[in-house]
Amino acid sequence: MSDVRTSERTMRGRPLLFTRYSDELKIFTTATKRNWTIVLVAVTVALPFALERDMVSLLSTVFVFAIGGIGLNILTGYAGQVSLGHAFFLGLGAYTAAVLGGEQSGGVVGLGLDMAIWLPMAGIVPALVGLAVAPLAARVRGLYLAILTLGLVFIGEHIFKEADWITGGAGVGRAPAEAVLFGFDLFAPHEILGYRFDRFTVFYYACFVIFVVMAFAARNLTRSRFGRSFAAVRDRDVAAEVMGVNLLRTKTLAFVVSSFYAGIAGALLSIIYGRITPENWNLFLSIDFLAVVFIGGLATISGSILGAAFVVMLPKLVQELSDYVPLASDVGQGGLFTIFQLQSILFGVLIVVFLVLEPRGLYGLWVRVRNYFKAWPFSY
Amino acid sequence: METFVAAVIAGLGAGAVYSLLAVGFVIIYRATEVINFAQPALMILGAYAASALVNEAGLPFWLSVLVAMVTLAGVGMLTERIALRPMIGRPSFSAATVTVGVFIVLLIVAFRLIGPDIITAGDPWGLSTTEVLGATVFTLDLAKIVISLTAVAAVGLFLARSRVGLAMRATALDQETALAQGVKVGRMFGLSWGISAGLAALAGVLVSSGGSGVDATIALVALKALPVIILGGLDSIKGSVIAGLLIGLAEGLTKVYQPEYAPWLGANFDLALPYLIMIVVLMVRPYGMFGTKEVVRV
């Protein structure tokens with residue numbers, strides 16, 4: 001036991017000096033990271049008091065997209081398997097939740113169960129379907145997987161359209177699950193300690209709590225044995241197999257976990273949407289999530305959160321800017337593009353630009369800035 | 001019998017267009033090992049270009065098709081130079097994701113150009129019909145088969161006989177060796193994209209022809225070429241032609257007979273069928289009918 005003792009003072013000057021393996025694998029490797037996370041959580045809790053109602057709602061969407069994005073990042077970023085089928089699993093989660101937690105009406109089934117039941121099930125059912133598809137997905141790799149999952153989206157859309165006793169059918173849709181947890185409605189106004197919270201604020205906190213739990217769970221997964229085996233499979237599957245990583249089991253696990261996250265995200269997203277149709281879960285939603293992962297940065301949880309914030313906030317930003325930039329205009333006013341079109345184009349351009357110029361995404365930009373200031377005032 | 005013949009011809013007509021698109025995918029895949037998800041957008045842009053040339057510039061149909069193909073070939077080569085060339089040497093899934101980004105950009109440009117309008121190719125066939133084996137079929141479907149197979153044969157001949165085609169095949173076989181023999185590999189990548197985008201434009205014209213016209217959302221039809229290349233084999237031109245016709249045939253027959261014999265599969269099941277076939281193929285024979293079997297040691 002040669003445990004090198006280092007004083008608090010020495011450590012502060014060398015935050016990346018690790019004298020034990022367990023230190024290197026900590027969830028927060030430095031005190032700075034931990035402190036900033038606490039500050040960020042505090043700010044996020046305080047935000048609804050300072051923001052307009054539509055911004056609060058938008059931020060809830062950011063949390064939901066972050067959950068889904070983290071799920072896709074576990075599969076694509078950590079395990080290196082590109083999936084275009086994320087939207088299918090989101091839809092599966094949304095409909096599982098709607099059947100278990102929704103109301104029986106207009107020809108669609110709904111059991112009206114509590115959120116404590118439907119929320120886990122919204123993750124478990126897609127995870128089971130993921131488990132059924134995974135042996136297929138594990139057989140093929142790289143581009144084949146992208147094509148296979150693309151097929152899943154189209155087949156899923158067909159099934160969603162046909163199963164109208166679950167989904168309400170094409171173009172009609174149905175109401176989502178009711179967010180009632182142990183009798184407490186998470187999507188209704190409440191008065192707590194004399195302060196009135198509107199329904200969007202209440203749901204904001206619900207999404208935030210779920211998001212924090214799932215983000216920490218993902219962070220823990222990625223620093224575990226399984227997370228390292230994901231990275232090994234991504235970097236060189238042959239070498240990983242030689243080191244004793246079971247390829248089939250690892251890929252299956254990545255696929256199942258990713259589907260679980262997608263299902264939870266889909267269930268929450270359906271409540272934000274208010275009404276869900278089979279057309280919601282199409283290829284373009286998958287591409288949105290790819291944008292979250294690739295713009296945010298592959299294989300970083302914080303990157304996915306940044307990416308989700310970026311992708312969800314971009315339309316709002318474009319809208320604000322459209323007063324100053326003549327490129328965009330409201331529908332039918334003869335500008336070069338409408339706001340919606342401009343925002344989609346920006347997604348596309350940004351995916352390309354980030355992949356070509358900064359494959360580490362927004363997280364990579366942040367690392368550059370951080371490294372610059374680490375050595376400041378010396379440029380290198 | 002007449003229903004059957006009509007279904008077969010209609011299916012083969014659609015399948016011939018899938019072949020055309022699939023050959024585009026295969027050419028790019030062979031050169032750069034990238035699956036070009038931007039193909040649907042290139043197709044719809046080609047359809048728009050030809051339609052605009054016929055209906056607004058008043059060019060004759062055949063000339064406008066040629067001009068549209070050349071224009072789109074230019075767009076394809078430009079895309080390759082700007083977005084894909086910097087990705088050389090990076091994992092192929094990154095490059096494929098770049099094409100997803102390109103797909104979105106080009107698709108929105110196409111949506112903006114076309115708007116809510118319907119585009120028509122201004123083709124000479126329209127809704128006219130012909131008798132084949134006693135069944136009445138659209139002349140258009142026959143034209144689709146003839147034109148598509150001619151175009152694919154021309155590309156095949158170019159690859160097999162011409163000097164540049166030889167250079168392209170050398171590039172596909174081994175980039176470094178080709179480079180050592182004096183082949184300009186980068187230019188071959190551009191050329192692959194050019195040919196592929198040109199074929200996509202032709203496919204777009206064929207898809208939008210037939211009198212009634214189509215709107216911009218038809219672009220997603222091009223993704224049917226993905227099941228085709230999986231069935232035929234990712235790197236086989238022969239495979240994509242045969243698989244294209246087979247998938248089209250399966251789709252055509254399903255469209256006619258499934259509502260009668262298997263209504264429980266739901267309406268529009270024929271649209272999901274190609275993807276179902278694809279998943280089965282990936283399960284039992286992931287390299288397809290004619291593809292090179294990937295050697296995997298784990």
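**Note on the predicted two-chain model**

1. D198(A) has a relative accessible area of 24%, so this residue counts as partly exposed. The structure is a predicted model, and the remarks that follow should be read with that in mind. D198(A) takes part in a salt bridge with R53(A), in which the closest N and O atoms are 3.6 Å apart. The two partners belong to distant parts of the chain, since R53(A) is in helix α4 of chain A while D198(A) is in the loop between β4 (195-197) and α9 of chain A, 145 residues apart.

2. The structure holds eight salt bridges over all chains, and the R53(A) and D198(A) pair is one example of such a contact. In another, the side chains of D235(A) and R234(A) meet at 3.0 Å, N to O. D235(A), at 55% relative accessibility, is classed as exposed, whereas R234(A), at 31%, is classed as partly exposed.

3. In chain B, E251(B) and K224(B) form a salt bridge whose closest N and O atoms are 3.0 Å apart. E251(B) lies in helix α10 (residues 237-261) of chain B and K224(B) in the loop between α8 (185-208) and α9 (225-232) of chain B, so this pair ties together parts that are 27 residues apart in sequence. Both E251(B) and K224(B) are buried. Elsewhere, E358(A), R360(A) and R368(A) are joined into one network by salt bridges that share partners.

4. Turning to the aromatic side chains, the count comes to 18 aromatic pairs over all chains. The ring centres of F63(A) and F208(A) are 5.2 Å apart and the ring planes stand at 45°, so this pair is tilted. Because F63(A) lies in helix α4 (residues 53-78) of chain A and F208(A) in helix α9 (residues 199-222) of chain A, the pair ties together parts that are 145 residues apart in sequence. F63(A) and F208(A) are both buried.

5. The rings of Y372(A) and F373(A) also have their centres 5.2 Å apart, but with the planes at 90°, so that this pair is edge-to-face. Y372(A) counts as partly exposed, at 43% relative accessibility, and F373(A) is exposed, with a relative accessible area of 53%.

6. One aromatic cluster is formed by F88(A), F89(A), Y95(A), F160(A), F255(A), Y273(A) and W281(A). Charged groups also meet rings in chain A: the charged end of R199(A) sits over the ring of F200(A), 5.8 Å from its centre, and R225(A) lies over the face of F226(A), at 4.9 Å from the ring centre.

7. At the interface, 40 residues of chain A are in contact with 49 residues of chain B. The area buried between the two chains is about 3900 Å², and carbon and sulfur atoms give 80% of this area. L143(A), Y144(A) and I147(A) supply 18% of the area that chain A buries against chain B, more than any other three residues.

8. On the side of chain A that touches chain B, at least two residues come from each of α6 (115-139), α7 (143-162), α11 (237-242), α13 (283-296) and α15 of chain A. The largest share, eleven residues, comes from α7(A). S344(A) lies in helix α15 (residues 339-357) of chain A and touches I104(B) and I108(B), leaving aside residues up to four places away in sequence. With 11% relative accessibility, S344(A) counts as buried.

Note on methods: Residues numbered from 1 in each chain as written. Chains lettered and ligands numbered in written order. Predicted model: local features only at pLDDT ≥ 70, side-chain atom pairs only at ≥ 80, totals over all residues. Heavy atoms only, no water. Phe/Tyr/Trp six-rings, centres within 6.5 Å; stacked < 30°, edge-to-face > 60°. Helix = DSSP H or I, 4+ residues; strand = E, 2+ residues; numbered from the N terminus. Buried < 20%, exposed > 50% of the residue type's maximum accessible area, 1.4 Å probe, protein only. Lys NZ or Arg CZ within 6 Å of the ring centre and 35° of its normal. Contact = heavy atoms within 4.5 Å. Buried area = accessible area lost by both parts, 1.4 Å probe. Salt bridge = Lys/Arg side-chain N within 4 Å of Asp/Glu carboxyl O.
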